[in-house]
Amino acid sequence: MIEILTPTDLLLAKDSGALVADILRTLKSRSAVGTNLLEIDAWARSMIMEAGAQSCYVDYEPSFGRGPFGHYICTSVNDAVLHGLPHDYTLADGDLLSLDLAVSLGGVVADSAISFIVGDVRPPESVALIAATERALSAGIAAAGPGARIGDISHAIGSVLTAAGYSVNTEFGGHGVGSTMHQDPHVSNTGRPGRGYRLRPGLLLALEPWIMADTAQLVTDADGWTLRSATGCRTAHSEHTIAITNDGADVLTQPRS
């Protein structure tokens, strides 16, 4: 299903996006050496409930996971890149942590992910991974607007990632959002320009470039959810929810100043 939001729903989407951005910013500020992933999940739960929002993850039970997910946020560390199931792990200096959060507020979903390094140690490979996903996300957003096509976004994202020397996995990518978390259209992280669904004002898209340092192959962790790089290399993931408007793309999950 491809859902086009009404102007009223778009105002609600702004509130959802602002909430997701604020929660992720707070969680990043609290995540330090010695923080446990289960603490991060508990903080996310508390902030979601205090806002009167609903988690999109707790009862999520897709075909690719061993569900229901049962937690409020995805916490992926180092070689884990997607769907990281929070567990009893204490963050160490130099860990690369990705946080992925989706909530529904007022009946409209927003979805975003950030990657950052914990502590003072800053491995160059990790810095480069994060920077590449952030540049690719910016390129995808710049390519989105009325009259553009999904392939234009995919091509913009993929061009940045491949130019940086990374392989692109196409098993998981961006997607439509709205009254539910995962909708059509699928937004691959590589593609051909001028192809696919033509963007329309009122369309919400979650764009999410993610990469692994030296492979494009994923393996599923024993927990049935966490996706890791097949070689054990480090990974990164960046995501924003955008609204297509008459003027271009409005980034809904950008942290407020």
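I began with helix α1, residues 7–30, whose 24 residues reach 35 Å from the first C-alpha to the last, close to the 34 Å expected at 1.5 Å a residue; the expected span is 1.5 Å times one less than the number of residues. I took helices (H or I, at least four residues) and strands (E, at least two) as DSSP runs numbered from the N terminus.

This is a predicted model, in which local features need pLDDT of at least 70, side-chain atom pairs count only at pLDDT 80 or more, and totals for chains, interfaces and linings use all residues. Residues are numbered from 1 along each chain as its sequence is written, and side-chain values use heavy atoms, with hydrogens and water left out.

I then turned to the nonpolar cores, which are sets of buried Ala, Val, Leu, Ile, Met, Phe, Trp, Tyr and Cys residues joined through side-chain atoms within 4.5 Å. The largest has 35 residues, and those with the most contacts inside it are Ile153, Leu199, Leu205 and Leu207. Helix α3 gives the most to this core, with six residues. A second, separate core of 24 residues includes Leu19, Ala53, Ile73 and Leu91.

Last, I checked for disulfides (pairs of cysteine sulfur atoms within 2.5 Å) and counted zero. For Cys56, the nearest cysteine sulfur, that of Cys74, is 11 Å away.

Note on methods
Buried < 20%, exposed > 50% of the residue type's maximum accessible area, 1.4 Å probe, protein only.
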